[in-house]
Amino acid sequence: MTKNTFVSVLLLMAVIISFSSILDESIGLSEQISQVLASEGLNWRASPNIAFFSPYVEANPRSVSELLNRINGYLPLNEEARYQWLSEIVGHSTSRMNTTNDIILSTYVVLKPVTQTEASFFRIEPVRNQQYYGSCWAFSTIGTFESALAVQALGLPEGNRDNRFDYSERWVGYHNNNTFIRLASNAWMIQDEDRLNGGNPYHALFNSIRYGEMEEQNAPYAQIFISTEEGVPLPTSAYGAPLRQSSKTALIPSARDCLHFGYTYADYLNMIKTALKDYGSLSVTFAVPGDFGNYASGIYTPVLPLSESYHAVTLVGWAAASELDDISLNGKLKNPPVPIIKNPITRYTYRDFTLPGVPQHATDLFWILKNSYGYLWGDAGYYVVPAINAAQYAGEAEIGLWMIEGFDMYVPLFDSDEKHAGDDLDINRDGLVDQNDFGDLIAKIGSNQPSDISACDIGYPKDGRITGDDASAWITLYNVRHEE
Amino acid sequence: MRRIKGFLLVLFLALFVGCSVNPVPEDDPVMGIVIDDSLTTLREGHTYAPRSVVRIAWKTQSGKTLLCDFFLYREGEPIDTRHAVEGVVFSVEEEGHYRVELTPVGVRSAPVRYSFSVTRAYEELYQSPGGSIKAEFLDALLAVSTLDIHFFRYAEEPLPGTNETIQRRDAMNLKDSNQDGVYDHWEIIPNAFAQGVSVACAFNTLDTDWHLRGMRYEETAIYPLYFGIAGLYQGYYLHTTLATVGFEIGVPFARYLHDAQGSINDYASFTLRERYDTGLKPCFFLDLKGGTPSREAEFTLAISAPNAAEFAAYYDTRYFQMTVAYDPRLSLSAVFFPNFLRDQKELTGYRINAEESAVTLYRGVVVGEDEKAAISPDFALLTFRVKAGAPLEYADFSLVYESDLDAYANYPDNPNPAFKNKSNGFVDGLIVEHAPLRISFGNGGGERR
């Protein structure tokens, strides 16, 4: 770290504790961040984001970080230091409640990576505003749900571009789960709790399958947009309202896990890109740095340490470095639109201020993300971060927890009869579709033979494996084709 | 006279026809039934909660009154019939598949049919929070040094000669039969005030000062919940076990908390709820068949699920998958799938993973006639034999649960249980007992660990 940068960061820390109003603090923060950005040559712009922070002044948070800790309400599955338990209760008992983790896990599938050659691909989808709740996890869940529904059910590669779908984050919060019960059972049991503050898309997307999502008009978030209440009752319009269910959820494991499972760096990136392009925008997570609220545009890399909070957002696309000066995310607010960065680059180098030693990294790939702070934050509600590089993926360099690759990513899957139009149930190719075909499919489960996979991989999505997912697809299609 | 007879005959026939058919006006030539949406809450294919009141009304195409016979079926069996009515309000009490059939009276017209379902899962859509665990956190507990807790059960019984009931409050006294410090059974006394039991409020263990913060009530246990206020585990939570008995699902209970200083005097009612009642859990579990096994002979292990088939039917379950892991010193010599689901044609199969000593079981439901064999509460029967030369005193079995994706590579298929409905969507609510079963050879049967 240079001397100038060191001094700037110290000043920045002093700024955080010296202002009385969050607006004053934000103004001071953005000035100090800007100095660090200039001295580091970083390509993002900081702003006081007055329009974003102003509505929160009356809630009287003591600091910007306190506010961000409140609204960034993602609860990590395995890192809930605030809720550590010493429990003599061991899970796996029949004294269960609504759902146990064995069933939740069975709804997740891992996608087969397919090589993606586009230099960039992204969707501009509606930016919502979570307001004063720690409900980012619900907005991230609905963001991916709406996008995936548009891509998979309607065949719209552009996703939920024209606000075609608007589902209720309030409904998602109504079926949040009780954190204490989950943790006391070693993450085995979940029981519903009506709570918007703090949650996780892992469970919320399971509810997309077992309950389904409700349209916004039937449980409007607007009716509760500013409140400190928990357990907000549903409006009467919610009772009996139609629910749209997903079929299962695709999971992209964290970079660390993918490496452990044997995926190459290219596989990992292609898995994310395949999910994005073919299935919809993804629910992703990261630990929030102290300067995140002051992002205005450009390539965000933190210059402050991590706060105590985690945030869930929606990954809508990717871009090669050379494309960033050609892509605009703010066309709905600015005329003419302003590109992500002004001058072309082919590679980007930055230092990670959240890690000990402030290591330097370089990359030529970037993620485009949609936040849920409304259109008046960031680049019209969006922001851009660097993707991890090959050295980071290989474990030769550390991954800062502010990077989305440190966590699992999710996108719902919507199966339908139409997606199986080309699937042949005559597994043994004897000219008859009968129970022998089911038996033959079961016998080939786990086979690596390309001919077997070609005949038996009929589940949605096709994952290049033969599993029970294909057997259940066979049963469903048999019944549909024999007019159950 | 012949003309008069003819006239009378025509008049008689006209009167007969006029009296015997529905009063449909002659300007309504098409006799179809039109459901009156403004008065009808019944929807084709919809799901309702138990104890829902449903209404259906109908008319002719020109909006006139039309009398119909009304038939209500549950699981194919008639449960309600109304004759010559203009509309019906009825309630559905139990879970199941229902069908309504309307037949116009005296009019030749095709009957109208409605199919719908009643499930307790639907009820859960609008009942957040809650479930089969009641957890409460009271900051006021942090200030007390003593605490007594009393439990009560709501009960009622018929008042003879009336259609009324006598309501009462039963005392539920916790008893510790083996004096091990953990209460293990209830003593229930009608119309009495329950004896209180003392709950420790503060203690030190694990180099930490703990203080009572809340309680957790379950079907099979009561747990006080402590908060670490100082020491090594400050900020952590600790559970202890007050009792190994709990509260039945669906029954109203109450608890009363008070301390010696009178700073807490708190009553609260609670009812644990699930999609099934206590005793009807749709649970898959391992069960040794035929008594103590011998090392020299084959023995049979069942995956038993006495309540699962009915529950699965309510939720249109079409696919079941689960994996059983067994001791590697055993060989699996046979797998048999009994006829598990009533009135359903089932296809079955299995895959043995010899390396991991596990077998994955598959069962699908397809259109077609049910098997002729009698219905069994067993999902599958697995026959094992001890491998030659294996000095085996006991063997462990389990229905597999892998919480880590990392472990999936050890199996040819996803190891966790999966249940799917007719849309290939996931069915929630079936339970799989993953606790291992240990079977001893020669000195006793199976024991759940």
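A salt bridge is a side-chain nitrogen of Lys or Arg within 4 Å of a carboxyl oxygen of Asp or Glu. In this predicted model, local features need pLDDT of at least 70 and side-chain atom pairs count only at pLDDT 80 or more, while totals for chains, interfaces and linings use all residues. Residues are numbered from 1 along each chain as its sequence is written, chains are lettered from A and ligands numbered from 1 in the order in which they are written, and side-chain values use heavy atoms, with hydrogens and water left out.

**Salt bridges**
- Over all chains, the structure holds 38 salt bridges.
- B:R275 pairs with B:E274, with the closest N and O atoms 3.2 Å apart; B:R275 and B:E274 are both buried (under 20% relative accessible area, with exposed over 50% and partly exposed in between; 1.4 Å probe, protein chains only).
- A network of salt bridges links A:D192, A:R210, B:E274, B:R275 and B:D428.
- A:K277 bridges to A:E118, the closest N and O atoms being 2.8 Å apart.
- Because A:K277 lies in helix α11 (residues 265-279) of chain A and A:E118 in the loop between β4 and β5 (120-122) of chain A, the pair ties together parts 159 residues apart in sequence.
- Helices (H or I, at least four residues) and strands (E, at least two) are DSSP runs, numbered from the N terminus.
- A:K277 is partly exposed at 26% relative accessibility, as is A:E118 at 27%.

**Contacts of A:S106**
- A:S106 counts as buried because its relative accessibility is 13%.
- Leaving aside residues up to four places away in sequence, A:S106 touches B:P417, B:A418 and B:F426 (heavy atoms within 4.5 Å).
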